Amino acid sequence: MADSSLRAVGWARSLPISSGVKAARDWTRSHVEDLEWSRSAPETVDAVLLTVSELVTNTHVHARSTAQLVLAWDGECLHVTVHDNSPRMPRPRESDEESTGGRGLLLIDALADTWHAHECPRGKDVTACFRPEKTDG
């Protein structure tokens with residue numbers, strides 16, 4: 001009989017505004033390396049790191065909040081969730097070619113397999129999911 005229980009592994013970290021986005025990327029990289037994706041799915045690693053950068057930046061800049069970063073691997077998808085204290089839901093902004101910002105959600109939409117946001121009693125969660133694609137090698 002097959003074991004149908006879900007096996008998951010996860011990590012969580014609180015990132016105050018003063019910690020900076022590099023700390024979030026470095027911490028995420030160290031845990032994604034535990035999944036051995038650096039060799040098997042390097043493009044997915046890059047997509048995860050860029051998404052973490054965007055989500056944590058959005059939390060610090062727009063929500064002016066500490067970012068609660070959670071990574072959860074369920075054997076099929078890596079779920080990258082960032083929680084902040086703002087009730088304002090994210091929405092893509094119109095930006096022109098000369099704008100220096102406003103493309104983060106469009107970028108996440110292009111990088112992640114799926115993403116969504118939902119309201120929480122004290123803020124919101126934004127979650128992006130990644131399924132690693134194996135590279136030939």
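This is a predicted model: local features need pLDDT of at least 70, side-chain atom pairs count only at pLDDT 80 or more; totals for chains, interfaces and linings use all residues.
**The chain as a whole**
- Of the 137 residues in the protein chain, 37% are buried.
- The chain exposes about 8500 Å², and carbon and sulfur atoms supply 48% of that area.
- Take the contacts between residues at least 6 apart in sequence: 63% of them join residues at least 24 apart.

**Where two helices meet**
- Look for helix α1 (residues 21–34) and helix α3 (residues 42–63), whose axes come within 9 Å and cross at roughly 145 degrees.
- The crossing of α1 and α3 is right-handed.
- On the α1 side, the residues in contact are Val21, Ala24, Arg25, Thr28, Arg29 and Val32.
- Their partners in α3 are Val45, Val48, Leu49, Val52, Ser53, Val56 and Thr57.
- Sorted by class, this contact of α1 with α3 has eight nonpolar, three polar and two charged residues.

- In soluble globular proteins, nonpolar side chains tend to be buried together.
- In this model, the largest nonpolar core has 29 residues, and the ones that touch the most other members are Trp37, Val48, Val56, Leu69, Leu78 and Val80.
- Two or more core residues come from each of β1 (9–15), α1, α3, β2 (67–73), β3 (78–84), α4 (104–111) and β5 (123–130).
- Helix α3 gives the most to this core, with seven residues.

**Two loop residues with positive phi**
- Most residues other than glycine have a negative phi.
- Glu36 has a phi near 65 degrees, a positive value in a residue other than glycine.
- You can find Glu36 in the loop between α1 and α2 (37–40).
- Arg64 also has a positive value, with phi near 50 degrees, and is likewise a residue other than glycine.
- The loop that holds Arg64 lies between α3 and β2.
- Is Arg64 buried or exposed? Arg64 has a relative accessible area of 66%, and exposed means over 50%, so Arg64 counts as exposed.

How values were computed:
Residues are numbered from 1 along each chain as its sequence is written. Side-chain values use heavy atoms; hydrogens and water are left out. Axes are lines fitted to C-alpha atoms, for helices over the stretch in contact, and angles run from 0 to 180 degrees between N-to-C directions. Helices (H or I, at least four residues) and strands (E, at least two) are DSSP runs, numbered from the N terminus. A crossing is left-handed if the near helix is turned anticlockwise from the far one by less than a right angle, and right-handed if clockwise. Contact means heavy atoms within 4.5 Å. Ala, Val, Leu, Ile, Met, Phe, Trp, Tyr, Cys and Pro count as nonpolar, Asp, Glu, Lys and Arg as charged, and the others, Gly among them, as polar. A nonpolar core is a set of buried Ala, Val, Leu, Ile, Met, Phe, Trp, Tyr and Cys residues joined through side-chain atoms within 4.5 Å. Buried means under 20% relative accessible area, exposed over 50%, partly exposed in between (1.4 Å probe, protein chains only). Accessible areas come from the Shrake-Rupley method with a 1.4 Å probe; for residues, only the protein chains shown count as cover.
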